[in-house]
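Here is a short briefing for a first look at this structure. Keep the sequence and the 3D view at hand while reading.

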Amino acid sequence: MEVKSEKNTNAHKDGFSFEDLQKTISSIADGIISIDINGNIMFMNEAAQTLTGWTLDEANKMKSSEVFKLAHFLTGESIDDPFEKVIKTGIQTGLGSYHALVSKDGKKKLLSANIAPIRSECDVISGAVGVFRDITRLKKIEDELRDERNNLRTIFQYAPIGLVIVDQDSRILDVNNGFLTMIGREIDFVKDKLLGDGISCEHSIHYGCKRGAKCVICDLQIAIGNVINTAEPVNNCNIAYNLVNDGIFTKHDFKISAVPIKISDENCAMLVIEDITKQKKIQNQLKANEAKYRNLFMNMLNGFAYHKIVLNDENKPIDYIFLEVNDEFGKMIGLRKEDIVGKRASEIFGDLSKTDFNMIDKYGKVALGGEVIRFEQQLTQNEDRWVSFLIYSNEREYFSVICSDISEEKRAQREMKRAMEATNAAYKAKSEFLANMSHEIRTPLNGVVGMVDLTLSTDLTPIQKDNLKTAKACADSLLRIINDVLDFSKLEAGKMIVEKIRFDIKLICNNIIKFHTLKAQEKGLRLYCDIDDKIPQYLIGDPIRLSQVLNNLISNSLKFTEKGSVRVDITLIRKDKNNVSVKFKTIDTGIGISKEDMDKLFKSFTQVDGSHTRKYGGTGLGLVISKQILNIMGGDIDVKSEKGVGSSFSFTLDFGIGNGNNTKCSQDEKISKSDIDAHILVVEDDKINQVVICRMLDEMGYTYDVANNGVEAIQKVLRKAYDLCIMDIQMPEMDGIQATRLIRESKLKIEKHLPIIALTAYALHGDRERFLSLGMDDYLSKPINLQEFYKKIEKLLMKGREFNVEEDADIECESDNSSPKYETSDSMELILIKSEELTKAMIDKDVYSIEIIAHEIKELAVDINRDALKTLAFRIELAARREDLNEALLLNNELENLIRGE
């Protein structure tokens, strides 16, 4: 726009006045500003005044740079005055993007402007005029549209699915990155190509897209045509294509939707493509697996059924529907599959509440609560047919049943039970045979050993004494053979129990060496034992079984060694705060064992060869028993031997470390003749044993009566007071157990508690505990050990004297004929104290202390004649010995209640 000035400013040649022109310019919506050659404001219409914020009067004679002040809309940076530029250059100009007018109040407004020079008739620049408008709102809309377009483009490009835009000829106009990734191509390869050519369809490779016979029936081409012609979208078409890339054909499964769009008024279609090749493969695999597992279920040997529970209005199960069953299930209930599926159980079985197999409540818990149920059921009472059921649910209101015919298993279990009963009967018969054999052999042996011991205590010539010692050695040898057989039987039956008590390892070893010293001296052998000083003196374990193994090994070494020595080495392997590991080793210079004979060592009743058996004797059980005992104790035996050089046997065992205080160790004590006057009842059916026992009692100065069986014993006890009773167990007419029970039950007629020592030839594990639990006070096995016999009698007689003194004192205090009091307040106080100690030991789980304290309470209960207390304490003692803390704790609760009741 270029403006020229006129000479006549008052009128237009056509009659249009200057005032009319001025009014017209003032009413224009765009702002107009004119300046003179010096840049002073000459004119501003109303729109310009509004946009700049300056009135014409204010702007008159102001510079254009002051009124038309420009700055960058975003950065605020000042922009040169375009009016000055136009006057200087004489060239028309406009404003750049984001050039903003800064109004009088400091607000910025985006402008669109055109500024031109004003020329005179002589083409001389006399000023400039600018026309401008506020485009802030339009610019904002434009930016928003551009951002929206960019966002849509971004979404299009980076959508996780394939997007393709095609025209009505199926020519590719645009694709996104997702689609290019699907087909493994670049944008330049596909753009502007027909769809089939762009994706390298196998048919297009040969004929070109839309030219092959297959193109006529191409589902995608048909879908595109429908969308463009009808402007209706097509959704979720599953189409498979073989695409070619680098000469390799790859099958793709696509799920395609087509949406109509317009581009430059042309009908087009946008394809939304999802590659479902992997999903299709997984679906096919799942279908194959489903078919396979369905086939397995339908043909498996177990019955299978799938049901839906039927509920009433109160949501309680009343029936169920068979949705699927396999053939085996149909066989089990005697129906064909076709007659079961789709029917209710009540239609098949009748009223479920009246059937023997009413499981509707349990099935409801499974279907509604997700429980899993297993049970076994006999199909009919008269038919030996059993079925095992497993019922589970994977979906609410549905449940599955797997059932297996276990009739054969049930029959096998019954056969096994009968076989076990037969085996147990055989073991019982064997046990009874061994017990009877033990009794029959030990009874006469008791007479032999007893008479020898008694005779040895008299004045004899050296030759007589030597002959008697030889006879006793033979009896001891026979007893060891019997013990070997019995031990082997117990090990074979798994009935041997290992105890855990405190013992003195040095004392045990010294006694063992002393026992074998005479034999070693007779053969001219050196026998000695080396004990590691680092081993604690007091250990916790089973000293009896340890001694048995060491005795067997030393005896074996002495037997097969003719010259040289037998040495026992005991060394510490490992030690911690509470436990030690100890290695025991016997080394001899005997005949040795060849490698081929090693495997015979631990076979029952077997020795290396027959000549050894004839020369050395024995049962062939010693090493077998030793090995099995060590296995039970947690160890094993190791053998190293060389023929003609010697042998070494070694084993390692773990023990607890025991405190030496109050430790009771087995040690022979010299027993002198008793100074207690006692009258003793001897109950024994064997005449020889009667003589032996009576002779032993004579040696101690006791008086005695003899009863031949339990009946005579009861009669004598009721007629006469005895201080002690020695009761044989196995007797005719009435055995010792029955006699003891009758004596204890008739205690109101017997003024004093009668101590009873059980005397038996059984000598099997558990006999002592069994006899004590039946009311006996102690136990001795045949053949009788003289010193042990005297010690037990002395101990019980001393207790009887203390008891009788207390009893007499109580009787003197009574003025009527009421039953005498057996306990004192001191005794009960001591029991209470011991009970507290027992509870503390229970808390500490100290089985050894529990056993000791329970034994002390039992002894106190015996002293005050409290049988119930004694029995409970004894049962706790046995539980502790078995390390059964749960049973001990339960029994201790009963004991505390009983004591509080006392």
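In which hand does α23 pass α24? The crossing of α23 with α24 is right-handed. Note that this is a predicted model.

**The chain as a whole**
- The protein chain holds 30 helices and 31 strands.
- It has 902 residues, and 42% of them count as buried.
- Take the contacts between residues at least 6 apart in sequence: 58% of these join residues at least 24 apart.

**Helices α23 and α24**
- Helix α23 covers residues 710-719, and helix α24 covers residues 736-745.
- Their axes come within 9 Å and cross at roughly 20°.
- An angle under 35 degrees counts as roughly parallel, so α23 is roughly parallel to α24.
- From α23, the residues in this contact are Gly710, Ile714 and Val717. They meet Ala739, Leu742 and Ile743 of α24.
- By type, the contact of α23 with α24 has five nonpolar residues, one polar and no charged.

**Helices α18 and α19**
- Helix α18 spans residues 505-523, and helix α19 spans residues 543-559.
- The two pack at an angle of about 20°, and their axes are 10 Å apart.
- α18 and α19 are therefore roughly parallel to each other.
- The crossing of α18 and α19 is right-handed.
- On the α18 side, the contact includes Ile505, Ile508, Ile512, Phe515 and Lys519. On the α19 side, it includes Pro543, Leu546, Leu550, Ile554 and Leu558.
- Sorted by type, the residues of the contact of α18 with α19 are eleven nonpolar, four polar and three charged.

**Nonpolar cores**
- The largest nonpolar core has 36 residues.
- Ile505, Leu546, Phe584, Phe651 and Phe655 have the most contacts inside this core.
- Several elements give two or more residues to it, among them helices α18, α19 and α21 (622-632). Strands β23 (565-575), β24 (579-588), β25 (637-642) and β26 (646-657) do too.
- Leaving aside residues up to four places away in sequence, Ile505 touches Ile535, Pro536, Gln537, Leu539, Leu546 and Phe584.
- There is also a second, separate core of 28 residues. Ile172, Leu195, Cys201 and Cys218 are included in this second core.

**Thr586**
- Which strand holds Thr586? Thr586 lies in β24.
- Thr586 has 1% relative accessibility, so it counts as buried.
- Its contacts, not counting residues up to four places away in sequence, include Leu553, Ile554 and Ser557. Arg567, Val568, Ser647, Ser648 and Phe649 are also touched by Thr586.

**Two residues with positive phi**
- Most residues other than glycine have a negative phi.
- Asp123 has a positive phi, near 60°, and is not a glycine.
- Asp123 sits in the loop between β8 (108-119) and β9 (125-134).
- With a relative accessible area of 46%, Asp123 is partly exposed.
- Asp192 is not a glycine, yet its phi is positive at about 70°.
- Asp192 is found in the loop between α8 (187-190) and α9 (195-198).

Definitions and conventions:
Residues are numbered from 1 along each chain as its sequence is written. This is a predicted model: local features need pLDDT of at least 70, side-chain atom pairs count only at pLDDT 80 or more; totals for chains, interfaces and linings use all residues. Side-chain values use heavy atoms; hydrogens and water are left out. Axes are lines fitted to C-alpha atoms, for helices over the stretch in contact, and angles run from 0 to 180 degrees between N-to-C directions. Helices (H or I, at least four residues) and strands (E, at least two) are DSSP runs, numbered from the N terminus. Angles under 35 degrees count as roughly parallel, over 145 as roughly antiparallel, 65 to 115 as roughly perpendicular and the rest as oblique. A crossing is left-handed if the near helix is turned anticlockwise from the far one by less than a right angle, and right-handed if clockwise. Contact means heavy atoms within 4.5 Å. Ala, Val, Leu, Ile, Met, Phe, Trp, Tyr, Cys and Pro count as nonpolar, Asp, Glu, Lys and Arg as charged, and the others, Gly among them, as polar. A nonpolar core is a set of buried Ala, Val, Leu, Ile, Met, Phe, Trp, Tyr and Cys residues joined through side-chain atoms within 4.5 Å. Buried means under 20% relative accessible area, exposed over 50%, partly exposed in between (1.4 Å probe, protein chains only).
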